[in-house]
Amino acid sequence: MKALTVLLVLFCAMGYAQEPEVDLVRLGYLKNETTSEQVGMAASPDGAYAAFAFKDRVVKIFDVRAGRFIKRFAIPFADLFDMQLTNDGKLILAGGKQVVIMDWKGEKTLAQFNTTGEITKSSYSDRANLFAVGQREGWIEIYDLKTLKVINTFQYKKHHVSALALHPNGKSIVVGVIPLLKEMNPLKVFEISSGKVLAESKKGFYTMAAFDEKGENLVVSSLNMLMTKTTVEILNGTSLTLIRDVEGKVVWGNNIMPYSGKISGNKLLAITASLSFNVYDIQSGGISFTTKSDGFKLSGTLMLGVGNAHPYPLGNSGKFLINSLGNNINQIYDIKTNAIVGYFFCDSNDDFAVVSRDGRVEGTPEALRKVFWTSRLSNQRTPLESTFESGFTPRLLSQIVDEDEKTQLAQTTFEVEKVIDKIPALQLKSINGKAASAEGTSATQKQSNVEIAVTQNPQEITEIKLYQNSKLVKVVPGNGKSLYAFDVSLTNSFGEQNYFYATASSKSGVESEKTKFVINYKGATEAKPKLYLVTIGIDKYKNPKYNLNYAQADADGVAKVISQQSKSLFQEVVPFSIRNDKAVKTNIFAALNQVKAKALEQDMIVVYYAGHGVMSGGADKQFYIVPHDITQLYGRDDLLVDKGISANDLKDFASAINAQKQVFILDACQSAGALDALEDRARGAAEEKAIAQLARSTGTFWITSTGAEQFATEFAKLGHGIFTYALLEGINGAADTNKDQRLTIRELSTYIENKVPELSEQLKGSAQFPSAYSFGNDFPLAVFEK
């Protein structure tokens with residue numbers, strides 16, 4: 001069945017007199033493969049966290065700095081109208097006739113209020129610590145977020161509230177109502193404590209009101225009686241007298257009318273009835289930016305001011321989180337460059353993807369598969385995963401937020417049209433000399449042959465990679481030809497079906513779409529698998545200033561626990577224990593070469609390393625684990641090349657070892673004090689990128705303790721480093737969250753990702769975030785006795 005898609009098309013106008021220009025970034029996603037539709041979002045005023053709500057009543061909290069979701073819980077009602085995040089950890093939910101205030105970190109409800117009428121408008125003031133809702137029948141209710149009490153409830157008129165704005169001083173509130181276009185009504189300023197009317201504006205149909213930062217001016221939008229003209233005006237923030245018009249435009253229906261807005265400097269950032277994001281210049285007048293052309297939408301027209309879709313400032317960065325199309329793709333607008341500079345896709349499961357304007361990407365494997373670039377010139381779609389090797393950037397959202405104006409302006413917009421004609425295309429030609437069948441192919445011989453044909457741009461191919469059950473098994477350099485042959489060894493380690501896919505890397509940096517096929521192996525059942533367990537722990541370095549406290553204990557603990565909990569799954573556990581001065585390159589390579597020589601497809605390999613990990617300098621940066629005899633971590637790349645073990649070395653072993661179930665666990669840290677904060681953070685991101693690319697390119701599992709900016713701190717209280725303590729807990733059963741007595745590698749990695757931040761915050765006051773990159777198939781690591 002043809003996949004349903006949602007397309008995101010962004011337009012921008014650099015001057016109101018010009019026709020809107022089409023944004024060169026076009027994104028879409030597979031709607032039929034998303035878990036739930038996004039229905040709301042918010043960001044804390046300091047830009048540290050963002051919250052996303054979904055139709056299945058799930059809310060998720062995203063840590064912008066860490067670049068990951070850290071909380072997921074259910075909300076108490078289905079008809080969410082608005083949500084807000086505070087800097088002190090509160091989540092405000094409003095919908096129907098309810099307002100709920102939660103402590104999102106503790107997942108606790110702090111207060112719950114029932115309103116008189118259905119909520120039609122809301123306003124939040126971070127400075128005053130207040131939240132207000134307007135309702136049908138003209139009711140207004142204001143809440144003190146510190147005391148968690150209602151300050152006042154009063155009624156304007158028996159019409160729905162269509163405009164609402166809390167004054168920054170927290171002492172007054174502006175209210176507007178619309179009675180289905182029967183009569184115009186003025187905006188009124190109410191004193192919050194008494195409900196007394198302090199001032200009134202001229203009469204009108206008002207759909208938005210927003211104060212500037214000091215409360216001196218109030219920007220409002222209104223509609224004429226015939227619904228043919230939208231007007232944006234600046235009023236005096238105290239008296240509501242007119243100062244000047246900003247813009248008036250004749251449009252059939254009120255779709256260009258702002259329904260909510262945020263004042264930043266001399267700009268009004270507004271969301272309209274048609275869910276367009278418009279930026280108004282309130283000094284010179286006119287629209288300076290818009291995400292799309294406003295067209296007639298009956299649903300927007302009939303709402304008459306009911307609605308909230310706020311622009312959320314991300315701290316003092318000048319960036320704003322918006323959602324201008326009402327789907328699962330959000331945008332980041334930069335007020336300094338007057339452009340959309342990033343995009344954030346999310347789903348109610350664990351999936352998310354971040355895309356920068358210049359083509360960098362980050363996200364979960366499934367999200368990178370589901371979200372794609374589209375072309376205006378063809379129907380071809382290019383998944384984000386196709387640019388993983390060239391564009392993957394860890395913690396990309398925080399990078400986008402932090403980038404200054406000069407960096408943003410220097411970026412070249414990624415245009416898929418410039419590379420789409422050069423992307424190779426592959427097709428399965430034959431299996432064991434027989435033409436490929438859409439129904440799949442069966443084989444009884446273990447050693448089989450596969451032919452892959454290149455149907456487009458063979459000259460652009462740099463290499464073709466073949467994956468079996470998600471693990472890389474073959475790499476063939478590009479030769480300009482149109483046919484490539486692969487010898488494969490079939491297995492029943494995951495059952496009869498062997499899942500394959502082939503992909504071609506290209507000179508443009510964009511990979512071909514995956515060509516997928518299945519071979520059903522009908523051969524003899526294989527022997528019970530073996531587990532090859534390589535554990536490396538280095539407390540004592542040749543240079544004593546790099547000595548650690550718990551690396552040997554960590555490695556010993558992992559070897560013991562995995563051997564105990566995994567033995568019933570395997571014919572044999574084959575251990576390789578390498579400690580301290582024995583942990584040099586030749587000995588580590590010797591152990592891995594033994595595994596390479598002995599391991600069969602059905603076997604499993606687990607490699608655990610506890611010690612230092614560093615990035616090399618120079619142009620060709622690489623991640624290295626640091627054996628015992630390296631005496632200088634930084635400034636001596638020759639030592640790393642000679643004595644260290646690089647990411648490329650690990651990639652070669654992972655690819656060459658036949659075992660299709662591979663797990664690499666790195667509890668690697670930097671030497672404390674070796675780097676300044678800026679260099680430390682850059683190296684941390686570079687390490688994450690190297691490990692992520694290593695995991696994806698080999699189709700194996702990688703779980704790592706920390707980036708360079710967060711040292712893998714060890715605590716005497718635990719007897720282990722935090723990361724390995726959580727790892728051992730998980731393998732001992734704590735990670736078996738579904739209680740089926742089987743621990744899979746995905747269950748273990750999820751447990752570690754959740755447990756390590758919790759432990760590190762308890763013990764050292766700040767969260768340490770591990771990273772798990774799972775591009776391979778899931779499989780059990782341990783079985784527990786009932």
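Which residue forms a salt bridge with K90, and how far apart are the closest N and O atoms? In this predicted model, local features need pLDDT of at least 70 and side-chain atom pairs count only at pLDDT 80 or more, whereas totals for chains, interfaces and linings use all residues. Residues are numbered from 1 along each chain as its sequence is written, and side-chain values use heavy atoms, with hydrogens and water left out.

**View 1. The salt bridge of K90 with D88.** The partner of K90 is D88, and the closest N and O atoms of the two residues are 2.8 Å apart. A salt bridge is here a side-chain nitrogen of Lys or Arg within 4 Å of a carboxyl oxygen of Asp or Glu, and the structure holds 29 of them. K90 has a relative accessibility of 11% and counts as buried, a term that means under 20% relative accessible area, with exposed being over 50% and partly exposed in between (1.4 Å probe, protein chains only).

**View 2. The salt bridge between E572 and K530.** The closest N and O atoms of E572 and K530 are 3.8 Å apart in this salt bridge. Because E572 lies in strand β44 (residues 572-579) and K530 in strand β43 (residues 530-537), the pair ties together parts that are 42 residues apart in sequence. Strands (E, at least two residues) and helices (H or I, at least four) are DSSP runs, numbered from the N terminus. E572 is partly exposed, with 37% relative accessible area, and K530, at 25% relative accessibility, is also partly exposed.

View 3. The side chains of D638 and R636 meet at 2.9 Å, N to O, in a salt bridge. D638 is partly exposed at a relative accessible area of 45%, and R636 is partly exposed at 32% relative accessibility. Elsewhere, salt bridges link E389, K465, E511 and R696 in a network.

View 4. Most residues other than glycine have a negative phi. R57, which is not a glycine, has a positive phi of about 70 degrees; R57 lies in the loop between β4 (49-54) and β5 (58-63) and is partly exposed, with a relative accessible area of 34%. N338, likewise a residue other than glycine, has a positive phi near 55 degrees; N338 lies in the loop between β28 (329-334) and β29 (339-346), and at 14% relative accessibility N338 counts as buried.

**View 5. The aromatic pair of F62 and F352.** The structure holds 23 aromatic pairs, in which rings of Phe, Tyr and Trp (its six-membered ring) have centres within 6.5 Å, with planes under 30 degrees apart counted as stacked, over 60 as edge-to-face and the rest as tilted. F62 and F352 form an edge-to-face pair, 5.1 Å from centre to centre and with 70 degrees between the planes. F62 lies in strand β5 and F352 in strand β30 (residues 352-356), so the pair ties together parts that are 290 residues apart in sequence.

**View 6. Charges over the rings of F372 and F494.** A charge sits over a ring if NZ of Lys or CZ of Arg is within 6 Å of the ring centre and within 35 degrees of the ring normal. The charged end of R381 sits over the ring of F372, at 4.8 Å from its centre, and the charged end of K661 sits over the ring of F494, at 5.0 Å from its centre.
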